[in-house]
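Here is a brief report on one chain and its ligand. The sequence and structure come first.

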Amino acid sequence: MEQDTIAAISTPVGEGAIAIVRLTGDEAISITNQILPTKDLQQVDSHTIHYGKIVDPKTEDQLEEVMVSVLKAPKTFTREDTIEINCHGGMVSVNRVLQLVLRHGARLAEPGEFTKRAFLNGRIDLSQAEAVMDLIRSKTDRAMSVALKQMDGRLSNLIRDLRQQLIETVAHVEVNIDYPEYDDVEEMTHELLRERAQYVKGEIQSLLRTAKQGKILREGIATAIIGKPNVGKSSLMNVLAHENKAIVTDVPGTTRDVIEEYVNVRGVPLRLIDTAGIRETEDIVEKIGVERSRQALQDADLILLVLNGNEPFSKEDQALFEAARDLDVIAIVNKTDLNQEIDMNEVTKAANGAPIITTSLVEEQGIDELEQAIADTFFDGELDQGDLTYVSNVRHIQLLEQSEDALNDALNSLEMGMPLDLIQIDITRTWELLGEIIGEDVHESLIDQLFSQFCLGK
Ligand code: GDP
Ligand code: ZN
């Protein structure tokens with residue numbers, strides 16, 4: 001059967017430094033050969049790994065140093081020829097390589113298409129395929145669209161827009177200082193400058209917030225199940241895992257792409273953190289106490305705080321709520337099949353607005369509601385905004401943080417009533433930092449840009 005060649009980013013979950021572009025199909029090897037001039041992969045043995053340099057044949061630019069795995073049909077995950085290009089430069093580098101293979105005849109894989117081929121070619125059975133598909137749908141799919149959006153320049157456009165705002169501000173200040181006689185130019189007052197700086201700061205802050213969301217999409221929502229001993233944490237873990245097919249796969253060839261602790265709750269990828277502890281013994285809180293569980297909580301994006309409805313609300317319960325303050329919490333009052341000894345008023349007060357779900361895990365009551373609450377927490381909130389621009393590159397994040405600092409300096413100086421030409425230094429600095437994100441040659445073009453703002457005397 002003739003199969004066109006598909007390619008996609010297939011990255012081990014987590015912040016690992018290695019990202020993989022995977023190709024599968026009849027042309028996988030010949031496409032790779034075109035961009036890897038150092039080695040003829042048709043000639044090498046199957047299941048071997050080769051060092052090489054990716055070169056864009058058009059520009060002859062050397063893009064990346066890579067390790068390439070050559071897996072020839074039929075002993076591959078898809079039973080087709082498969083190439084895995086391991087890139088070391090993270091998302092940016094892997095995106096570049098992906099673009100290149102797409103330009104040389106591969107087609108971007110649909111979510112799950114590798115698995116579909118493995119299934120169609122008889123490599124795995126349907127339940128295995130489903131498990132992998134769930135993972136892919138919940139995770140890579142979204143992460144992929146983030147990457148794709150970045151590739152089509154949304155971030156750059158946004159940054160350009162912010163820089164434009166800043167440069168206009170700077171230009172205004174210059175005009176006011178240098179040409180006080182041009183009174184048709186809107187005067188740049190402290191108030192106006194503050195407004196602009198605030199606006200840009202707000203935009204930078206929302207970009208930085210997306211950095212966290214980007215991480216969630218790539219890695220799953222780090223979820224900690226906490227509660228006193230015996231309240232039903234392990235039961236909850238099991239119910240979530242069974243209801244949602246915990247994505248545990250040892251399908252050969254996929255293990256690198258898969259983390260075992262994923263469950264997909266209505267499209268929300270949950271990564272149950274420290275599950276070794278949760279599965280093997282008891283949970284974090286039982287083992288190390290409330291005090292130290294605070295630390296574990298810091299790494300969590302979502303807390304499932306379990307209470308025993310069959311017991312009065314206790315000091316420990318209260319302490320857990322306090323430890324989880326400022327985090328996304330869903331309170332679960334479990335064991336509703338037993339006598340209710342808990343005072344729901346106390347729970348409501350402690351939950352402080354967090355959703356409260358009542359369950360009987362043994363009778364499987366309330367689980368739909370819980371799943372809905374989980375989905376709402378993430379989809380009604382910020383995560384579902386399909387066309388948000390996500391920032392996921394570490395360098396970008398750092399530059400955005402520095403830009404925010406510089407703007408804060410500007411705002412502080414404004415507060416203190418410093419002269420505008422001093423404040424302008426911080427504004428210019430912000431402009432330069434943002435420029436580094438999109439790789440503008442800052443020093444040259446600052447001057448050009450400044451001039452292009454002046455329509456005076458012409
Ligand atoms: P953990 O210590 O918090 O992990 O709690 P477990 O999940 O190990 O549950 C402790 C005990 O409570 C077990 O015997 C469970 O069967 C029981 N249990 C869990 N959920 C419920 C429930 O909804 N109703 C009742 N009656 N018992 C439950
Ligand atoms: Zn337990």
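Of the 458 residues of the chain, 42% count as buried, meaning that 20 or more other C-beta atoms, placed from the backbone, lie within 10 Å of the residue's own; 12 or fewer make a residue exposed, and counts in between make it partly exposed. This is a predicted model, in which local features need pLDDT of at least 70, side-chain atom pairs count only at pLDDT 80 or more, and totals for chains, interfaces and linings use all residues. Residues are numbered from 1 along each chain as its sequence is written, while chains are lettered from A and ligands numbered from 1 in the order in which they are written.

The chain has 15 helices and twelve strands. These are DSSP runs numbered from the N terminus (helices: H or I, at least four residues; strands: E, at least two). Of its contacts with a separation of 6 or more, 70% link residues 24 or more positions apart. A contact here means C-beta atoms, placed from the backbone, within 7 Å.

**Strand S1**

S1 covers residues 6-9, and its residues are buried. Ile6 and Ala8 point one way, Ala7 and Ile9 the other. In a regular strand the side chains alternate between the two faces of the sheet. S1 pairs with two strands, as tabulated; pairing requires at least two DSSP bridges.

**Around ligand 1**

The shell around ligand 1 holds 16 residues, counted when the C-beta atom, placed from the backbone, lies within 6 Å of the ligand. The closest are Gly232, Lys233, Ser234, Ser235 and Leu361. Helix H7 gives the most to this shell, with three residues. By class, the shell has five nonpolar, seven polar and four charged residues. Ala, Val, Leu, Ile, Met, Phe, Trp, Tyr, Cys and Pro count as nonpolar, Asp, Glu, Lys and Arg as charged, and the others, Gly among them, as polar.

An unreviewed UniProt entry lists Asn230, Thr249, Val251 and Thr254 under "binding site". Such annotations may be inferred rather than shown by experiment. Asn230 lies in the loop between strand S7 (221-227) and helix H7 (233-243). Asn230 is partly exposed, because 14 other C-beta atoms lie within 10 Å.

Glu60 sits in the loop between strand S3 (48-55) and strand S4 (62-71). Glu60 is exposed, because it has 8 other C-beta atoms within 10 Å. Glu60 and Ile35 are 25 residues apart in sequence, and their C-alpha atoms are 9.5 Å apart in space.

Key:
Two residues are in contact if their C-beta atoms, placed from the backbone, lie within 7 Å.
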